[in-house]
Every structure is written in C-alpha cells, then in structure tokens.
Amino acid sequence: MNPTPDPYIAEIHAATDERLMRLLDNMNERERLAVLRVRFSRDLLWFGSYTWPDRFYLPYNRAHEWIGSAIGNLPPWKARVQLGMREQCVALEAPRGLAKTMFLKLIILRAITYGDEPYIMWLGGSIEESVKETRHIRSYLESPSESYLAMFGQPTIKGTDKDWIVSLPGKPAVKVSTRGIPRGRVRGSNFNGQRPTLIVGDDIEHPDSVRNPRLRDGLTTYINSDVRNAGPKEGGLLWIQFGTRLSQDSQTARASRDPAYLAARFQSVISWPNASSRWQRCRDLWTDLSDPDRQQTARRYYERHRAEMDEGAEVLDEIAQPLYSLYTLLWSKGWYSFLADYQNDPSDPTRQIFYPHKWKRCRLDGGIITTSTGRRLKLNRCTRPIGLDPRASEQINKNDFAALAVAARDEHGYCYVLNVDMRRDSTTDQLRRLWSFFDRFGPRAAYGFEQNGFQIMMGREFARMRTERREAGRSYRCELKGYTSTENKADRIASLAPRVDNGWIEFDESIPRNVLEQFREFPSATHDDGPDAVERALWLLDGGGAARATIGR
C-alpha cells in the first residue's frame, strides 16, 4: 500500500509558479530553500534554470516543456517499482540545435542530486562521445553554481571518466557509467549488485549505418535485447533516447511507432508562412554572390516586409531558431538536409534530388562564358579545374563510364560546369582525352583524378605519355594530381543540390543528355559517373578540401 501523500508537499507540487513565488516572498531563506528543494524534485525545468543558470537561461519551448512533463514528473526508481512499472521507455525526436543533449544531462543531474537513480548509464554513438558528455556533468558537480551549493551542498566524486561514483550530503551514492553503441556492454552491468535504473541514449544512430537495413535491425535488436533487459530484476528501468530522425525507418522512427514507448516528435517549422513570393525575392537577394553585402541586403528586405512575410508562420523556438534563420538554413543546406535535421521528416533516400529542367544554364563560346543573366566572362580570368572520374575496367561495352568534367569559377564565386565528356574507354584513351583538354585549357588549369585502386597504372601511363609529348616538342607540363576521397559518394554528389538550387552553379547548354539523366535519376540511377566527375571538379575549385555531406546529416 502506498503511503498517504503529505498534503503540504502535494500543495507545493500543485501550485502554479506565480502562486509559489508569492508564497516564497513571505518566507525566510531557510524556508524558501526547503520549499524549492521539494518543488524541484518534480519540476525539472525550474530546477535547471535555478541550479544551472549559465546553460538554462533562455525561455523553454514546447519540446522542453514536453520533457519537463513527460520525463520530469516520472517517479524515482523505488517508486516505479512500488507502482509495478516493469519499464518505462521514452523517445524524443527534436530538431538539431535545441539542446537535446543538455536536457539529458539535466535529467541525470537531478537524478544524482536527489539520489533517485542508484545506477545511471549514458549511451552514445561511441565511447568517446559518451565520456565527453558525462564529463561535462561531472565537471559541473565538481564546481557547481552557488545556487546549487546553497541548496544541496558540495558533491563528492571518485572514479574514472568512464565509470565514476558521486554522492551528496545525506544522499546515497550514485554510479555513472558510459558506453558506446553498439559494442558497449550494457546487459549484466552492476554496481554493488545494483543494475542500471536509468539509461539514456543520445544520438545513438550513425548517419552511415541508417542506410543499411541490417545495421538498423541490429541496433533495434541491441536496444530491445540488451538495453531494455539491463535493468533490475525487480523492474523499474527508465530508458530514454533523444535524437533526430535520420530516416523513416531509423531507430527513433521505430520507437515512435512502438506502443512500449512514450514518444514525441517536434519540428522547427510548425506552419509555413503565406507570402511565398516575398520569400522567393528574399532568397534571390540572399543568393546574389555579386553583392558583397548580400546577407545584409536580404535581411533588410525581410525587416521591411516582416509582418507580411511572417504571416501564417509558427516556429518551435522563436529565440533559438527564429523564422528567418530557419529560412537561411534551408537555403544553405537544401530541402533534403533541412527536412531531416530540422523537421524530423527525412525524405526517401531514393527520391529525386536534382531537377535539371530547372537549372540555370550558361554557354561557352570560344573563350567567353555567357551566364544565365547575360553576363559575359572571359574564361582565362576564371579559375578552371578539370576532374577525371576514371574507370578501371577494360571492357569497353559495359560497366562504369570514365567521365571528364570541366568547371570554372568567376570573381564573385559563381561556378560553371562547362563540359562533361563521359565514355567507356581504356585507361590510355581516358588519358588521351585528358591531354586534349590540356591542349585546350592549358597548364593554368588544375587537373585531378579520383584514385580508386589503379592509380599506379594510370600514373605510369600518364608519365609515359608526358614523356612522349615532350620528345615530340608538344606542351607537356600538365600537373595531374590524384585524390583519395573518404566521404560517402552519394553524400558528396548530393551536397551540390543546395548550390545548384541557389543558382550558384550553372550548367553549359551543351552538357550531354545522358549526363543530365544521371543527375535526374540520382541517387537511384544505375550509373553516377557524370555527377561524380562534376562534384570532383567543383571540389577542386574549393581547394580539394573535404566535401560537405548532405544526405543523412
């Protein structure tokens, strides 16, 4: 039988913030602290703003309020056991940048402070990530805020970064452990015979693994078989996972459909504004690379028409992610990334990403580029790379194509894809094509190729041909550099989409239809050699640094 609740404590928990503040005004310091200690045991959000003010100082949004009510009001472990709760599973999907990880830390901090959970475990994508996050909690406890010290006293901590024990005056010791998914051993873990009572998972699914059905199933099995069975034999385990939906079949998406979970999904943009033409004009100003103050120009336009442009819109967090900043994120990241990162609504990874019929087109006549807006540029005043995506197979009639792409960039930063020559030919013929581009564009252009396992053979053949040209008295000073990419190819190609949509990349009217078809059918096309070569040429324009990934980010 549960004991009769103390009516005074019940009144403290039930009082509105305004009523409680009025009551506190009539109390001395000792009484105020006593009342707040009672209130904070159930009021997670007030606990955060009071004890950790340098982290929880902004207004809370509805996702934070859901955390406060759905998780902050859950009873401690012993009470859950008394209530017959074998387990409680909670899953939150919230946009990036809204402090999901900090709220997991707050949940743990309060559990430690009140001694509610004798054994707490943090699961992350790797042990390094887990240790980094729990080290932050530990660092706070080692040097807490003055308000925390006055209310709860100085914690005592001992142990390693991976496993440590903390105790507060008058409270039982609490064990905190960290594990990395999926290799971290969870089931069977114990602290003086006590199994974990609270396990939290923070962004436990990797963007690369979510593409693989076998890895998705493996993670779900790990959670259901290991994590959810790691709790005490008497029950009461609380399993909480926070993350962003990486696909419609990711772990967080599966949890949202599982009746065992208390789940919620939040989006940065709750409803979109009505003034689409105004927003399009604002985007045109924001993407105008010829304007050195383009971002300020676009912002001023927005401020002039703000009332009209905001009409009909509602966002999750007006302070941390106001409407205008969300639009600039959409323009810079593209729809695919924005839907996944901020709307928790990732698109089907096989859906169309590129729409060639909407692209801005340019034209190269001799040494002059005519842009989509009619500007005329001298090619020799542009930065020019030539990228080769080679093929290893000598079977001319099948397998991949070898693609050569030529690009240029003007003084403002606009890029132009001027030529994509895509064929099935031998290594020697691929290099002959490269030399023909060299004869046309000269040694001032940058020449690069994707190293893919047969670079030694290609390097030897290139050196032989260069020697042959030198002995024949022909221009031969072509510096061909091989590059090895460690990024996912689909991510690299998809990263072009926002720049193309913004009009920052134009395509020559002569680009062959089969290249455009590969873009149109990407990422489910049989071949993507043309898009790959284009991305590598543009990558060389950017200095050959790591390509920015979009898909699954």
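Predicted model: local features only at pLDDT ≥ 70, side-chain atom pairs only at ≥ 80, totals over all residues.
Two strands pair if DSSP finds at least two bridges between them.

**Strand β11 and its partners**

Strand β11 covers residues 361–365. Three bridges tie β11 to strand β12 (residues 368–370), and these two strands run antiparallel. Within that pairing, Leu364 has Ile369 of β12 as its bridge partner. The two strands make a hairpin with two residues between them, and Gly366 in the turn has a positive phi of about 65°. On β19 (residues 505–508), β11 finds a parallel neighbour, joined to it by two bridges. Here Cys362 stands opposite Asp508.

| Partner of β11 | Bridges | Direction |
|---|---|---|
| β12 (residues 368–370) | three bridges | antiparallel |
| β19 (residues 505–508) | two bridges | parallel |

Which residues of β11 are on its covered face? They are Cys362 and Leu364, while Arg361, Arg363 and Asp365 make up the uncovered face.

In soluble globular proteins, nonpolar side chains tend to be buried together. The largest nonpolar core in this model has 57 residues, and Ile67, Ile107, Ile112, Leu141, Leu198, Ile240 and Phe242 have the most contacts inside it. Helix α7 (residues 100–114) supplies the largest share of this core, with 10 residues. A second, separate core holds 48 residues, including Leu285, Leu379, Ala408 and Trp435.

Setting aside neighbours within four places in sequence, Leu198 is in contact with Ile107, Ile108 and Ala111, with Glu117, Tyr119, Ile120 and Met121, and with Leu237, Leu238 and Ile240.

**A buried glutamine**

Strand β7 (residues 237–243) contains Gln241. Is this residue buried or exposed? Gln241 counts as buried because its relative accessibility is 1%, and the limit for that label is under 20%. Beyond its neighbours within four places in sequence, Gln241 has contacts that include Val90, Ala91 and Leu92, as well as Gly201, Ile204, Gln251 and Tyr261.

**A nonpolar patch on the surface**

Now for the outside of the model. Tyr57, Leu58 and Ile319 form a nonpolar patch on the surface, and together they have about 330 Å² of accessible area. Tyr57 belongs to the loop between α4 (44–51) and α5 (62–70). Why does Tyr57 count as exposed? Its relative accessibility is 57%, and exposed means over 50%.

How values were computed. Residues numbered from 1 in each chain as written. Heavy atoms only, no water. Core = buried A, V, L, I, M, F, W, Y, C linked by side-chain atoms within 4.5 Å. Buried < 20%, exposed > 50% of the residue type's maximum accessible area, 1.4 Å probe, protein only. Helix = DSSP H or I, 4+ residues; strand = E, 2+ residues; numbered from the N terminus. Contact = heavy atoms within 4.5 Å. Patch = residues over 30% accessible without salt bridge, like charges linked within 9 Å, V, L, I, M, F, W, Y side chains within 5 Å. Areas by Shrake-Rupley, 256 points an atom, 1.4 Å probe, with all protein chains shown as cover. Salt bridge = Lys/Arg side-chain N within 4 Å of Asp/Glu carboxyl O.
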